[in-house]
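Please brief me on this structure.

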Amino acid sequence: MDIHEYQARERFRAAGIPVPPGRVVTTPKEAELAAEEYGGTVVIKAQVHSGGRGKAGGVRLAEDAAEARRYTSQILGMDINGFPVEKVLVTPAEDIDTEAYVGVLVDRKAQAATFVVSAEGGVDIEEVARTSPNSIRKLSIDPRYGMLPHQAYWLANFLYDPPKLVSQASKIITQLYDAFVGSGASMAEINPLITTPAGEVKAIDAKMSIDDSELFRRPDVAKMRDTSSEPLSETRAREAGLSYVKLDGDVGCCVNGAGLAMATMDLVKHYGGEPANFLDIGGSSNPDKVVAALEIITSDSNVKVILFNIFGGITRCDDVANGIIEAIKHIDVELPIVIRLTGTNEDLALQILEDAGLSACTSMDEVVEKAVELAGVA
Ligand code: GDP
Ligand code: MN
């Protein structure tokens with residue numbers, strides 16, 4: 001789950017990281033009032049689940065309240081990398097001497113939270129990693145011990161020379177680790193971490209993604225979810241208890257089991273098609289789940305064909321067949337549907353589907369090839 005900058009700022013602030021104040025507003029008038037209250041130059045920042053807002057025109061320095069009002073009205077309603085802007089953050093502008101990058105993320109290979117720091121901050125860190133890999137320092141943190149003082153110092157010392165900056169930065173790095181672990185995050189990032197002419201180190205941007213599996217035990221974090229900022233299909237899938245990931249292709253896949261879903265996507269590609277989604281309906285043959293799955297798949301206008309791939313183990317194929325028929329009764333599906341069922345009670349299932357006028361088979365190759373062909377024709 002992604003959270004907004006203003007929410008990540010709150011978490012960072014609570015961990016002790018110096019973050020300038022800010023106010024979230026939804027109208028130009030409120031932005032004007034906030035700017036008046038802060039006085040001087042303020043920054044107007046689009047609150048969307050996307051990086052690169054600066055480049056897209058979603059971060060503007062406003063010299064006075066009138067300008068804050070004008071920029072806010074321009075930024076509200078903008079679309080940044082596919083995310084409509086509904087809120088902006090108004091924050092007093094800082095004077096910047098240098099911009100560094102400090103991030104921590106779950107590194108599966110290292111099986112640990114891994115820090116990435118660079119003195120070349122403010123910009124896209126992937127770009128820095130490509131063009132000047134030597135300007136990046138990495139360090140994995142052993143979860144048994146947490147962040148040790150010398151480790152934070154070693155990272156901070158890569159960013160700055162003056163001892164006063166190094167000591168501030170090492171404190172911030174330790175606090176970022178605390179915020180990361182304490183929020184159940186999979187990623188936490190300060191870009192840029194700035195130094196000011198007065199010799200202070202501060203975080204003026206904040207980004208954090210939360211591991212979905214952590215949410216059940218962190219209600220305070222879970223309530224930061226902003227469903228208006230995620231694709232409607234993903235919200236509905238989550239509410240229906242389905243694992244769904246939207247992709248860019250046109251073959252809508254409805255599969256039971258994550259492994260079979262992955263194999264199905266591979267096979268779609270093998271036959272020259274592109275999957276429109278990953279969707280695991282799980283072990284259940286509950287018609288409600290099949291209805292939800294069909295609704296989600298058909299709400300994606302790219303989808304040209306719906307492919308069911310069901311392996312009946314404990315799940316009985318005839319139950320799934322009835323679920324599909326029941327689901328189709330409830331929603332109007334104009335797209336071609338191809339079905340593959342195999343396993344427990346497959347003969348019964350094929351008969352049920354045939355009686356209902358649906359075509360089904362037991363071969364995965366056959367059904368996928370057909371789906372790709374239909375997508376091509378459509
Ligand atoms: P992002 O583009 O989505 O990562 O948004 P950021 O919050 O990182 O802002 C982008 C850039 O805007 C920063 O790298 C800064 O160069 C600039 N910026 C943001 N806030 C301030 C500020 O308070 N003062 C000044 N001078 N520049 C700022
Ligand atoms: Mn940034």
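Buried means under 20% relative accessible area, exposed means over 50%, and partly exposed lies in between (1.4 Å probe, protein chains only). By that rule Arg217 is exposed, with a relative accessible area of 52%. This is a predicted model, in which local features need pLDDT of at least 70 and side-chain atom pairs count only at pLDDT 80 or more, while totals for chains, interfaces and linings use all residues. Residues are numbered from 1 along each chain as its sequence is written, chains are lettered from A and ligands numbered from 1 in the order in which they are written, and side-chain values use heavy atoms, with hydrogens and water left out.

**Salt bridges**

- A salt bridge is a side-chain nitrogen of Lys or Arg within 4 Å of a carboxyl oxygen of Asp or Glu. The whole structure holds 23 of them.
- Glu5 and Arg53 form one, at 2.8 Å from N to O. Glu5 lies in helix H1 (residues 5-14) and Arg53 in the loop between strand S2 (42-46) and strand S3 (59-62), so the pair ties together parts that are 48 residues apart in sequence. Helices (H or I, at least four residues) and strands (E, at least two) are DSSP runs, numbered from the N terminus.
- A network of salt bridges links Glu5, Arg9, Lys45, Arg53 and Asp205.
- Glu214 pairs with Arg217 at 3.0 Å, N to O. Glu214 also bridges to Arg218, with the closest N and O atoms 2.9 Å apart.
- Glu214 is buried, with a relative accessible area of 16%. Arg218 is buried too, at 16%.

**Metal site**

- Asn191 (O) and Asp205 (OD) coordinate the manganese ion (ligand 2) at 2.1 to 2.2 Å. Asn191 sits in strand S10 (residues 185-195), and Asp205 in the loop between strand S11 (201-203) and strand S12 (207-210), 14 residues apart.
- Donors are N, O and S atoms within 2.8 Å of the metal (3.2 Å for Na, K and Ca); water is not among the atoms, so sites may look incomplete.
- Asn191 and Asp205 are both buried. Asp205 also belongs to the salt-bridge network with Glu5.

**Pocket and cavity**

- On a 1 Å grid over the protein atoms alone, a cavity is a set of points where a 1.4 Å probe fits but cannot get out; a pocket is an open set with protein on both sides within 12 Å along at least five of seven lines; lining residues have an atom within 4 Å of a point.
- The second largest pocket contains about 580 Å³ of space. Its lining has 17 residues, and Asp212, Glu234, Arg238, Tyr244 and Val245 lie nearest its centre.
- Helix H8 (232-240) and strand S13 (243-246) each supply at least two residues of that lining. The lining divides into seven nonpolar, three polar and seven charged residues.
- There is one cavity of 30 Å³ or more. The largest cavity holds about 60 Å³. Among the residues lining it are His4, Phe83, Glu86 and Asp226.

**Domains**

- The protein chain is divided into domain 1 (21-92), domain 2 (98-222) and domain 3 (231-377); such bounds come from an automatic or database domain assignment.
- The C-alpha centres of domain 1 and domain 3 are 43 Å apart.

Terms used: Grid points are joined across faces, edges and corners, and a volume is the space filled by probe spheres set on the points. Ala, Val, Leu, Ile, Met, Phe, Trp, Tyr, Cys and Pro count as nonpolar, Asp, Glu, Lys and Arg as charged, and the others, Gly among them, as polar.
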